[in-house]
Amino acid sequence: MAGAKNHDFHILPPSPWPMLGSFTALIMAAGAIMWMHEIQFGAWVFGLGTAGVLFTMYSWWADVVREANAGDHTPVVQLHHRYGMILFIASEVMFFVAWFWAYFAAALYPDTGSAVGGVWPPEGIEVLDPFVYPLLNTLILLLSGTTITWAHHSLIEGDREGLKKGLWLTIILGLIFSSVQAYEYMHAAFGFAGNIYGATFYMATGFHGFHVVVGTIFLIVCLIRTYRGDFTPQHHFGFEAAAWYWHFVDVVWLFLFLSIYIWGSDFGAAVGAHG
């Protein structure tokens, strides 16, 4: 029959979101530049662009959810979604490679830049104790990795209550992590500007903190969809993508904790000197 579907792919209808997303991202970027250069109405332009980007994200993902609930995500489509999520996480890894590179370039070769002064951490920097709030946050994220895994296995086994409880616990732990990190930032003895240590520390840990916030929102959306009955043991890529993302956030934090908080602390310096 003419026009009959004889393949496993989902052919998308025309969508306004790619074009709208591109234009609103351009407006947001232009507004940010105007705002940073103190050009009139820069903040308003940035806010307008940000609102447009958020609206595009919500609308586009709502369309994807409707497609999933309509049965358009065949096994082949789900496989390609998984490929896309893997590539997305790989691109995020490259962001963190850049922050680690900047940190270790300054830490391992402190005599090559006048901003460091030949020692690491730079003189006058009072580093954070890694065994107080950073260790607490490490335990929180490790526990959250356990709860999201519990939720995932509950979903596969058809245990809806276990899925809800696991998601609730993971979201709460994510919120606690963000609160502890914010408290740590407010009480840190060094700022972002004026020294390479503060710049690399806040870019690496702050960028991770941003990912925790994004991951928490991702899980909240999954929780809402769970109460709506969207996920089944056979079709739950949206939840699976959120779980992958959360595990990625966990692993990155372990590297941050070991390298920046412990190795870069007074404790790490003392161990290195003793060795």
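Analyst: Tyr 202 counts as buried because its relative accessibility is 13%, where buried means under 20% relative accessible area, exposed over 50% and partly exposed in between, with a 1.4 Å probe and protein chains only. Phe 201 is also buried, at a relative accessible area of 1%, and with Tyr 202 it forms an edge-to-face aromatic pair, 5.1 Å from centre to centre and with 85° between the planes. Rings of Phe, Tyr and Trp (its six-membered ring) pair if their centres lie within 6.5 Å, and planes under 30 degrees apart count as stacked, over 60 as edge-to-face and the rest as tilted.

This is a predicted model, in which local features need pLDDT of at least 70 and side-chain atom pairs count only at pLDDT 80 or more, while totals for chains, interfaces and linings use all residues. Residues are numbered from 1 along each chain as its sequence is written, and side-chain values use heavy atoms, with hydrogens and water left out.

Phe 100, which lies in helix α3 (helices, H or I, of at least four residues and strands, E, of at least two are DSSP runs numbered from the N terminus), is buried, with a relative accessible area of 15%. Its C-alpha atom is separated by 9.5 Å from that of Met 203, 103 residues apart along the chain. Leaving aside neighbours within four places in sequence, Phe 100 is in contact (heavy atoms within 4.5 Å) with Phe 255, Leu 256 and Ser 259.
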